[in-house]
Amino acid sequence: MDIDKLFAESPEFETQRLYLRRLTMDDLDQYYAFASDPKVSEQSLWHCHQTKEDSIGYLERVLRNYEQKTVYIWAFVLKETDTLIGRGGIFDLDESMQSCELGYAIGSTYWGKGLAVEAMQPVMNYCFEQLDCNRVQGKCNAGNIGSARVMEKLGMAQEGLLRKQLKIKGVFTDQKLYARIRDDL
């Protein structure tokens, strides 16, 4: 697995409806519009952005992660309108185990349109084909049917249930664990 390659290449992808590229501070206004939708953060550890300063803080962390080569996040930009509608990426990059975890979030007005799968498919392909991953995993709240469907459509299999794994907004929450391994290709 070559993590340096990921950060050196800064891969961009184009799908039928989307461009995927690095997030930048130039995305502030559109990122805030996305991250301030309370439905988007409802099932996640992060809170709905109340101010643009919340989004500035997030974007600053993303830029630090690029520099530190720890997390890679792509902006999901709708080609038709040049609008940022979400983001997704890979984290928990482990060179020795040739593995990583993926995560994603998309604006609620775009749910149910196949855009999360469309965005994450080239990321999944890149993990196996270019980074030489043996395993790519993801998690979602047990009740998050939409996110579970995304992972299933990406060819991931449910491996288990992590009981009360995360405390999300004060409530311990079960997480479904999904993964795809090289042998599944």
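Which elements do the buried residues of helix 4 pack against? The views below are of a predicted model.

**View 1. Packing of helix 4 (52–68).** Ser 55, Gly 57, Tyr 58, Leu 59, Val 62 and Tyr 66 are the buried residues of this helix. They pack against helix 1 (3–9), strand 2 (18–22), helix 2 (28–35), strand 3 (72–78) and strand 4. An α-helix has 3.6 residues a turn, so residues three or four places apart point the same way.

**View 2. Length and end of helix 4.** With 17 residues at 1.5 Å a residue, helix 4 should span 24 Å, and its end C-alpha atoms are 24 Å apart, so the two values agree. Lys 69, just after the helix, takes a positive phi of about 55°.

**View 3. Contacts of Leu 23 in the largest nonpolar core.** The core has 55 residues, and Leu 6, Leu 23 and Ile 90 have the most contacts inside it. Helix 5 supplies the largest share, 10 residues. Leaving out residues up to four places away in sequence, Leu 23 touches residues including Tyr 58, Leu 59, Val 62 and Tyr 66, which are buried residues of helix 4. Other contacts of Leu 23 include Tyr 31, Ile 73, Leu 84 and Arg 87.

**View 4. The largest pocket.** The space in this pocket is about 1400 Å³. It is lined by 48 residues, of which Ser 44, Arg 87, Gly 103, Tyr 104 and Ala 105 are the closest to the centre. Elements that give two or more residues to the lining include helix 4, strand 4 (83–94), strand 5 (99–106) and helix 5 (115–129). The lining divides into 23 nonpolar, 15 polar and 10 charged residues.

Terms used: Residues are numbered from 1 along each chain as its sequence is written. This is a predicted model: local features need pLDDT of at least 70, side-chain atom pairs count only at pLDDT 80 or more; totals for chains, interfaces and linings use all residues. Side-chain values use heavy atoms; hydrogens and water are left out. On a 1 Å grid over the protein atoms alone, a cavity is a set of points where a 1.4 Å probe fits but cannot get out, and a pocket is an open set with protein on both sides within 12 Å along at least five of seven lines; lining residues have an atom within 4 Å of a point. Grid points are joined across faces, edges and corners, and a volume is the space filled by probe spheres set on the points. Helices (H or I, at least four residues) and strands (E, at least two) are DSSP runs, numbered from the N terminus. Ala, Val, Leu, Ile, Met, Phe, Trp, Tyr, Cys and Pro count as nonpolar, Asp, Glu, Lys and Arg as charged, and the others, Gly among them, as polar. A nonpolar core is a set of buried Ala, Val, Leu, Ile, Met, Phe, Trp, Tyr and Cys residues joined through side-chain atoms within 4.5 Å. Buried means under 20% relative accessible area, exposed over 50%, partly exposed in between (1.4 Å probe, protein chains only). Contact means heavy atoms within 4.5 Å. The expected span of a helix is 1.5 Å times one less than its number of residues.
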